[in-house]
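Here is a briefing on one protein model. Look at the sequence and the structure first, then read on by topic.

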Amino acid sequence: MEFSPELTKVAFVVFAALAVGGLAIGLLFPYFSGQADVNRRARRVTSGEGGAKSKAGSKDKTTAARRRQIQDTLKQFEEAEKKRRKKLTLRQMIGQAGLEISLNAFIVASVIVGVFFFVGSFIVGVPIYISAIAAVVGALGLPRWLLGYLAKRRRETFLREFADAIDVMVRGIKAGLPVSDALKVIAKETPAPVGPEFMDVVEGQRVGITIDQGLERMYERMPLAEVNFLAIVMAIQAKTGGNLAEALGNLSRVLRDRKKMKQKIQSVSQEAKASAAIIGALPFLIAAAMMVLNPTYLLPLFETKIGNVMLLCSGLWMSCGVLVMRKMINFDF
């Protein structure tokens with residue numbers, strides 16, 4: 001089938017017009033339909049998101065830098081804690097007990113107690129080696145036990161007032177007082193041993209010791225987890241900033257919760273402690289009753305070699321039982 005030349009020309013013109021019209025519609029349609037405005041807004045929003053992303057990225061960098069500072073601070077406290085875990089010196093034990101005596105005076109007093117124990121036991125008539133053991137106990141064991149007892153009692157007294165002292169600091173900071181002035185209020189208004197400990201921190205500032213260093217020294221004299229918490233909070237706030245009043249308020253709530261938990265543990269464990277005391281004292285009470293009712297009944301235990309061995313073995317087993325019961329009823333948290 002052949003087409004005439006005129007029809008071919010018409011068809012070519014029509015197809016050319018359709019092609020040009022399609023190309024024009026494809027290029028100009030977004031401007032007529034408003035799609036160009038949509039694309040423009042989309043590009044603007046996209047660039048805005050990029051700005052937001054950049055802001056978020058800078059915020060993440062700031063958060064990461066603060067996190068690194070906190071981690072570095074905690075690492076420093078961990079290293080200092082490892083150093084403190086070494087064996088305490090006698091001077092540190094005296095400081096923790098709160099005694100206002102010198103090391104030489106304590107040593108002289110310990111020697112006097114040891115001599116008194118030796119002479120007293122020798123006058124009673126015990127063998128010389130028993131007197132020597134008594135002298136060692138009087139010179140080394142009893143004074144150190146007394147220091148440990150006084151330090152433990154001082155720590156318990158400190159904990160009863162420590163949370164209230166933190167609340168005083170929080171209220172002072174919220175009222176607009178500087179941290180140093182809040183510490184002065186605690187040092188003057190809080191009873192011992194909390195007041196004197198904070199007074200040492202305040203007086204240390206006068207000679208150039210920072211608050212962080214003063215709290216570290218307080219932790220050496222008062223090795224409590226609560227004091228360590230305060231030192232960590234103050235050190236982190238000094239390096240990274242933030243709301244100190246809010247941080248100390250949270251610390252105060254933590255301290256009160258720990259105090260409640262400790263009291264609850266003590267009340268729950270009282271029954272076990274009473275049972276352990278009764279079981280530990282029962283053999284001695286029965287032996288004392290037997291000595292009163294029938295004095296000759298238990299004499300073979302003291303006069304024969306087999307009886308002495310039985311007494312020694314019984315004492316060892318009793319000691320093991322008491323230590324196991326003590327380990328079961330003492331809770332560290």
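Isoleucine 112 sits in helix α4; helices (H or I, at least four residues) and strands (E, at least two) are DSSP runs, numbered from the N terminus. The model is predicted, with local features needing pLDDT of at least 70 and side-chain atom pairs counting only at pLDDT 80 or more, while totals for chains, interfaces and linings use all residues. Residues are numbered from 1 along each chain as its sequence is written, and side-chain values use heavy atoms, with hydrogens and water left out.

**Isoleucine 112**

- Isoleucine 112 is exposed, at 54% relative accessible area. Exposed means over 50%, buried means under 20%, and partly exposed is in between (1.4 Å probe, protein chains only).
- Isoleucine 112 and glycine 138 are 26 residues apart in sequence. Their C-alpha atoms are 8.6 Å apart in space.

**Overall fold**

- The protein has 12 helices and 0 strands.
- The protein has 333 residues, and 23% of them count as buried.
- Contact means heavy atoms within 4.5 Å. Among contacts with a separation of 6 or more, 62% join residues 24 or more positions apart.

**Nonpolar cores**

- A nonpolar core is a set of buried Ala, Val, Leu, Ile, Met, Phe, Trp, Tyr and Cys residues joined through side-chain atoms within 4.5 Å.
- The largest such core has 33 residues. Phe198, Leu230 and Leu248 have the most contacts inside this core.
- At least two residues of this core come from each of α5 (128-174), α6 (179-189), α7 (194-206), α8 (211-221), α9 (225-240) and α10 (244-293).
- Helix α5 gives the most to this core, with 9 residues.
- A second, separate core has 7 residues. Ile94, Phe106, Leu147 and Leu150 are among them.
- As background, nonpolar side chains tend to be buried together in soluble globular proteins.
- Leucine 248 touches Ile166, Met169, Val170, Ile173, Leu230, Val233 and Met234, leaving aside residues up to four places away in sequence.

**Aromatic pairs**

- Rings of Phe, Tyr and Trp (its six-membered ring) pair if their centres lie within 6.5 Å. Planes under 30 degrees apart count as stacked, over 60 as edge-to-face and the rest as tilted.
- The count by this rule is 5 aromatic pairs.
- Phenylalanine 116 and phenylalanine 117 make an edge-to-face pair. Their rings are 6.4 Å apart centre to centre, with 65 degrees between the planes.
- Phenylalanine 116 is exposed, at 61% relative accessibility. Phenylalanine 117 is partly exposed, at 29%.
- Phenylalanine 118 and phenylalanine 122 make a stacked pair, 6.4 Å centre to centre and with 10 degrees between the planes.
- Phenylalanine 118 and phenylalanine 122 are separated by about one helical turn, because they are 4 residues apart in helix α4 (residues 103-124).
- Phenylalanine 118 is partly exposed at 30% relative accessibility. Phenylalanine 122 is partly exposed at 49%.
- Phe158, Phe162 and Phe198 form one aromatic cluster.

- Serine 131 lies in helix α5. With 0% relative accessibility, serine 131 counts as buried.
- Serine 131 touches Phe118, Ser121, Phe122 and Val126, with residues up to four places away in sequence not counted.
- Serine 252 is in helix α10. Serine 252 is buried too, with a relative accessible area of 2%.
- Serine 252 touches Ala163, Ile166 and Asp167, again not counting residues up to four places away in sequence.

**Second largest pocket**

- On a 1 Å grid over the protein atoms alone, a pocket is an open set of points where a 1.4 Å probe fits, with protein on both sides within 12 Å along at least five of seven lines. Lining residues have an atom within 4 Å of a point.
- The second largest pocket has a volume of about 370 Å³. Grid points are joined across faces, edges and corners, and a volume is the space filled by probe spheres set on the points.
- The lining of this pocket has 13 residues. Pro283, Ala287, Leu301, Leu311 and Ser314 lie nearest its centre.
- Helices α10, α11 (299-303) and α12 (305-329) each give two or more residues to this lining. The largest share, 6 residues, comes from α12.
- The lining divides into 10 nonpolar, 3 polar and no charged residues. Ala, Val, Leu, Ile, Met, Phe, Trp, Tyr, Cys and Pro count as nonpolar, Asp, Glu, Lys and Arg as charged, and the others, Gly among them, as polar.

**A cis peptide bond**

- The peptide bond from alanine 192 to proline 193 is cis, with omega near 5 degrees.
- Proline 193 is in the loop between α6 and α7.
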